Amino acid sequence: IITLTTIITALIHIGQNEHAIEMFYDITKFGILPDIICFTSILDAMFATSRIEEAIEMIRALRDYNVKPDIAVFDHLIRLLIIKKQFDRALTIFDQISEFELEPTTKLYNTIILMLCQIGRFDEALEFFEEMKNSLIKRSLPSIETYNILIMHLSSHKNRYTKTLQLFNEMYKLKMVSILSFINIIKALANNQKFEEAINLIQIMQNHDLKPTISIYINLIQAFSNVAQPETALYIFNMAKNDNNIRLNTVICTIIVKAFADRLLIDQMDQLIEQITNEYPNCITKEIYNLQI
């Protein structure tokens, strides 16, 4: 069986997936029981040739061969089903993991939660999150990525604001915060017009020695501009100016000028353009001049 496994693996390695699958079926007809390495290799071949139905049947047949698959086999199949947009089937395969006395890993949970968030099934995503929290196995517990996935997707929905804030506070108490979680919760606060809380969080973020990137400042300025808060947007812009790790560019300068132009705050806009012209002449664009006209 070691020799057959080696041959099958070698065939797959050189792209002969169909040949490898045929050989696998041939050896099982003679009652030769493949090991888990051989099964995994054949599943890879089936995935590569989009023979998803066969791969699913193969996993079901593992019990007949008294072979216990590795959790990576399920992870691989679930990811492929998600790529093929077969979301409910991915959930079905996930539910079958327990039948093999296996425990989903944090990585696999995160894959399922991300899928559900991306298709708008937030309640189901939160159910899986609670399942993770109740796990007695360390490798199944929520990670920073788990929280970030949920916060990132929930923060864009106003009716999910309370849950988003709850998740962030929970994450903060667990000392699992990251710069991504800060930026998403600040945007959620801005969208819900909690401006003072948003600014406080920016200061807390800096106290944690988390250094925002230029894209983070741009996203925050845009968030405050979208809710008609040009003054707060300017506060963020000045924070970026005073950040030694940030080099202002045309994008951030255009967005802050537009924040005042959109509110018809002409005097403040003119002052801002003059300031940018004097301090950052390379950031003045044709679009900025057009706003002034």
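**Aromatic pairs and helix packing in the predicted model**

Eight aromatic pairs are counted, where rings of Phe, Tyr and Trp (its six-membered ring) pair if their centres lie within 6.5 Å. The rings of Phe 129 and Tyr 147 have centres 5.2 Å apart and planes at 80°, so this pair is edge-to-face (planes over 60 degrees apart; under 30 degrees counts as stacked and the rest as tilted). Phe 129 lies in helix α8 (residues 122–133) and Tyr 147 in helix α9 (residues 144–154), so that the pair links distant parts of the chain, 18 residues apart. Phe 129 and Tyr 147 are both buried, meaning under 20% relative accessible area, with exposed over 50% and partly exposed in between (1.4 Å probe, protein chains only). One aromatic cluster is formed by Phe 94, Tyr 109 and Phe 128.

The model is predicted, and local features need pLDDT of at least 70 and side-chain atom pairs pLDDT 80 or more, whereas totals for chains, interfaces and linings use all residues. Residues are numbered from 1 along each chain as its sequence is written, and side-chain values use heavy atoms, with hydrogens and water left out.

Helices (H or I, at least four residues) are DSSP runs numbered from the N terminus. In helix α6 (residues 87–95), Ala 90, Leu 91, Ile 93 and Phe 94 are the buried residues. These fall within an arc of 160° seen down the axis of α6, and therefore line one face of the helix; the arc is that of the directions from the helix axis to the C-beta atoms. The buried residues of α6 pack against α4 (52–61), α5 (71–83), α7 (106–118) and α8, contact being heavy atoms within 4.5 Å.

His 153 is located in helix α9 and counts as buried at 16% relative accessibility. Beyond its neighbours within four places in sequence, His 153 contacts Leu 114, Cys 117, Gln 118 and Phe 122.

The axes of helix α14 (residues 230–242) and helix α16 (residues 266–279) come within 14 Å and cross at roughly 10°. Axes are lines fitted to C-alpha atoms, for helices over the stretch in contact, and angles run from 0 to 180 degrees between N-to-C directions. Helix α14 is therefore roughly parallel to α16 (under 35 degrees; over 145 is roughly antiparallel, 65 to 115 roughly perpendicular and the rest oblique). Leu 234, Phe 237, Asn 238 and Lys 241 of α14 make the contact with Leu 272, Gln 275, Ile 276 and Glu 279 of α16.

Conventions:
Helix = DSSP H or I, 4+ residues; strand = E, 2+ residues; numbered from the N terminus.
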